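Visitor: Could you take me through this model, showing for each feature how to read it and then what it says here?

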Amino acid sequence: MLLKDQKELKTAITELPVKEKDKLLLRLIAKDKVLTEHLHFKLLEDPSDLELRQQTLEEEITIAIQGLKLAAKVGSRESLVLLRRLNGRVNHHYKVTKDPQTDAELRLLLLELIPVDYNESVFSSLGKYNERLKTYFLRSVLALYKKYVKLHEDLQYDLNEKMNSILNKIVREKLHKTAAELGLPNQV
C-alpha cells in the first residue's frame, strides 16, 4: 500500500498533532540506517565533512587495492570480490551524500586502480571469475559513463582526463569490442 494512493490516510497524518507526528517520524527514521545517516549528513554536517568522507573513502580504496596487489596469491576472484565490496561502499557514500561529483570521482579512482588483467585459462576453475570480473568491470564503467554524461559540463571537463584513462584501460585489456557493443565510446 503506497501513501500516494491513500488520500484519506495522507490527510489524517497531516492533521495529527505536531508532537505525535514528530514521534512517528523519529520511529520511522530509526528503522532505516541509510536515511538516518543521510539526515545526519544533510542537517548536521558541512562541506568540509563531505570532503573528509571522500578522502576517507579514497584512502580505503587505495589501501585495499594496494593490499590486493601485494598479496602473494591474487587472481580474478579476489579482484572481483574487492571491486564489488568497494563499489558497495561508494554506493553507500552516494546514498548518504547525494553528491554526484564525489560519486563520480570515487568510481573513477576505483575503476582506474582495480586490476583486471589476469592471465587465467578459460578452462581453469578460475577462468569463470576472470570473465565475471571483466563483465562486472565493463558494466561498472558503463554505469559510470551514464552518470558522467548527466554531470554539468564543467564537472565533465574536470573529470575528462580520468574518464579517458578508464576508457583507455578497456582498450589495453582488449575489452573494447564488448565495450562498443555496450555503447561505450573510445574517448569522451
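**Overall shape and fold**

Guide: Let us begin with overall dimensions, keeping in mind that this is a predicted model. The radius of gyration can be set against the value for a compact globule, which for 188 residues would be near 16 Å, whereas the protein has 21 Å.

Visitor: What share of the contacts with a separation of 6 or more comes from residues 24 or more positions apart?

Guide: Such residues account for 66% of those contacts in the protein. Burial is a separate reading, in which a residue counts as buried when under 20% of its relative area is accessible, and buried residues make up 34% of the 188 residues here. As for the surface, the protein exposes about 12700 Å², of which carbon and sulfur atoms supply 55%.

Visitor: How many residues of α2 are buried?

Guide: Among the 13 residues of α2 the count is one, and the helix is hardly covered. Helix α2 covers residues 18-30 and reaches 18 Å from its first C-alpha to its last, close to the 18 Å expected at 1.5 Å a residue.

Visitor: How far apart are the mean positions of the positive and negative charges?

Guide: For the 32 positive and 28 negative charges of the protein, the mean positions lie 8 Å apart.

Technical notes: Residues numbered from 1 in each chain as written. Predicted model: local features only at pLDDT ≥ 70, side-chain atom pairs only at ≥ 80, totals over all residues. Heavy atoms only, no water. Helix = DSSP H or I, 4+ residues; strand = E, 2+ residues; numbered from the N terminus. Expected span 1.5 Å × (residues − 1). Buried < 20%, exposed > 50% of the residue type's maximum accessible area, 1.4 Å probe, protein only. Rg over C-alpha atoms; globule rule 2.2 N^0.38 Å. Contact = heavy atoms within 4.5 Å. Areas by Shrake-Rupley, 256 points an atom, 1.4 Å probe, with all protein chains shown as cover. Lys, Arg positive; Asp, Glu negative; His and termini not counted. Charge placed at Lys NZ, Arg CZ, Asp CG, Glu CD.
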